[in-house]
Amino acid sequence: MNIKKFFRQDSVRRTALVQGFVVPETSRCVQCGICSYNCPINIDVRRHAWLGIPVKDSHCLTCGECVARCPRGVLSFERTHLFAE
Amino acid sequence: MQRYVIVGSGVAGISAIEALRETDRSGEITLIGDEVHNYYSRPGLAYYLTGELAEEYLFPLSRNDFKNLNLRHLQARVVSIDPLEHRLRLNTGETLNYDRLLIAVGASALSLNIPGNDLAGVVKLDNLEDARQIIRLARKARRAVVVGGGITALEIVEGLLARGVRTHFLLRGETYWSNVLDQVESGIVLHKLQEEGVQVHFNTEIEKILGNRGKVAGIQTRDGQRLACDILAYAIGVRPRIQLAQASGLKTNRGILVDNQLRTNASDVFAAGDVAEVYDPFSGRSVIDSLWGPARDQGRIAGKNMAGASAHYSKPIPFNVTRLANLTTMIIGTVGKGVDHDLVGIARGDSETWRQLPEAIAAQSDFDVNRLRILVGQRTLLGAIVMGDQSLSKALHHLIINKVDISAIRDRLLQAGAPLASLITDHYLKLREADARTLH
């Protein structure tokens with residue numbers, strides 16, 4: 001991979017990251033752990049849900065695995081509107 | 001230094017300990033529990049059974065988290081409490097003195113009192129050991145019969161199904177969870193189960209469990225029908241574990257009676273979670289429930305008060321999100337039978353508008369069934385069931401929990417063929433815009 005391509009990919013990823021992050025709705029959560037189990041980079045999403053804080057971990061890929069797999073609809077993406085037109 | 005004792009290692013107990021530690025860094029905390037696995041997500045057992053979750057992920061707290069809470073953990077059973085002396089005795093013979101005590105021992109499954117219930121292969125789903133046993137049995141079993149109702153019965157059914165066991169589900173009547181779901185909702189759930197391969201038997205009551213060499217071999221129904229099976233699972237309800245409190249002279253009804261600070265009638269003794277019976281302003285009487293959220297909230301308030309605060313617990317409108325036959329289902333407020341005549345129930349089908357909420361990115365997919373039922377009061381919405389797509393559930397949750405005035409849309413909601421989803425969504429968005437303007 002050439003260096004330009006590498007930086008472009010990284011830039012796309014980081015843009016996606018700052019455009020939105022995963023936000024928990026604590027009252028729905030029963031701490032089952034499916035979110036943490038399915039996180040490809042082992043972020044403890046469940047802990048975020050317990051504490052009611054968004055997943056702003058700089059490593060979060062915003063891949064959506066946790067959002068899609070939560071059986072109780074605890075997690076959603078929230079937009080930051082940083083790049084809003 | 002204060003000595004705090006927490007009996008019960010479920011979410012209420014853990015939440016109390018976290019609250020205690022926020023206020024009192026140095027007090028001595030002893031956690032006593034008879035659960036060999038300590039604190040884990042009891043609702044998570046459903047997903048452990050289906051294989052969606054590895055066992056080690058059931059535990060929300062790591063060893064390090066426990067270390068940071070700075071507590072002494074005893075795996076033991078409390079056999080007696082002497083509230084006057086502020087002392088309790090364990091099954092190990094040890095006695096402990098406390099300054100403040102929390103009883104958060106939860107509820108346990110009612111047993112199935114029919115002939116044959118002592119056979120190997122008769123299971124329930126009350127704790128992690130039960131889940132492990134079901135998984136062990138399912139490796140060899142070909143057929144299972146499940147009796148009971150509510151969420152737990154379905155958790156067992158779906159767990160067995162996911163593990164390749166042919167499953168029969170016995171219902172005494174013609175509907176499932178009939179005091180919460182209406183006929184249509186029950187029909188949706190049962191139809192989905194049947195599609196997944198579950199054999200649902202209506203108007204069928206189990207009479208006895210048949211055995212062969214000490215193991216389950218089948219069941220016999222009251223009308224004489226026999227079904228061969230290797231597993232008989234039951235989920236017929238839970239009961240708060242109040243025996244210890246009763247024997248110790250604490251006031252109990254169906255649960256341990258507590259005031260709005262979660263204090264029992266004995267000084268310095270608190271109760272929280274499934275074992276506590278709490279005044280419910282919604283219904284005007286004291287109630288028990290078995291929900292994770294309220295157990296956590298009660299634990300937190302009890303913990304604060306044990307550390308010297310005077311925090312009040314106000315029971316919120318009951319709310320749960322669960323999965324019934326693979327359909328995410330939100331249940332909130334008054335939805336069951338026996339409701340006030342001031343209520344008007346509305347039931348409707350699907351709407352694409354549900355998926356047009358700006359902040360909602362659907363967390364579920366492939367739903368082919370949606371169901372919305374709302375209960376409209378004079379000025380507010382009093383309850384709702386949302387099955388399947390959950391795009392609308394956040395708005396409904398907000399409107400119901402905060403008792404938001406819906407007079408402006410009430411008449412339109414009650415019209416035949418009303419576009420419920422867009423009416424509710426528009427009303428919710430207008431409120432949010434108004435809130436945002438106030439903030440700025």
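The legends below go with close-up views of a predicted model.

**View 1. A hairpin in chain B.** Start with two neighbouring strands of chain B: β4 (residues 78-82) and β5 (residues 87-90) run antiparallel and are joined by four bridges. To find one of these pairings, look for Ile81(B), whose bridge partner in β5(B) is Leu88(B). Four residues lie between the strands of this hairpin, and His86(B) takes a positive phi near 55°.

**View 2. The largest nonpolar core.** Leu88(B), the partner of Ile81(B), turns up again here. This core has 105 residues, and Leu88(B) and Phe169(B) touch the most other members. Helix α5 (residues 150-162) of chain B gives the largest share of the core, with seven residues. In soluble globular proteins, nonpolar side chains tend to be buried together.

**View 3. Around Phe169(B).** Which residues does Phe169(B) contact, leaving aside its neighbours within four places in sequence? Among them are Val146(B), Ala153(B), Leu154(B), Val157(B), Tyr176(B), Leu190(B) and His201(B).

**View 4. Where chain A meets chain B.** In this contact, 25 residues come from chain A and 33 residues from chain B. About 2500 Å² of area is buried between the two chains, and carbon and sulfur atoms give 51% of that.

View 5. How many salt bridges are counted between chain A and chain B? The count is one: Glu18(B) pairs with Arg47(A), and their closest N and O atoms are 3.8 Å apart. On the side of chain A that touches chain B, α2 (34-38), α3 (45-51), α4 (65-69) and β2 (75-79) each supply at least two residues.

How values were computed:
Residues numbered from 1 in each chain as written. Chains lettered and ligands numbered in written order. Predicted model: local features only at pLDDT ≥ 70, side-chain atom pairs only at ≥ 80, totals over all residues. Heavy atoms only, no water. Pairing = 2+ DSSP bridges. Core = buried A, V, L, I, M, F, W, Y, C linked by side-chain atoms within 4.5 Å. Buried < 20%, exposed > 50% of the residue type's maximum accessible area, 1.4 Å probe, protein only. Contact = heavy atoms within 4.5 Å. Buried area = accessible area lost by both parts, 1.4 Å probe. Salt bridge = Lys/Arg side-chain N within 4 Å of Asp/Glu carboxyl O.
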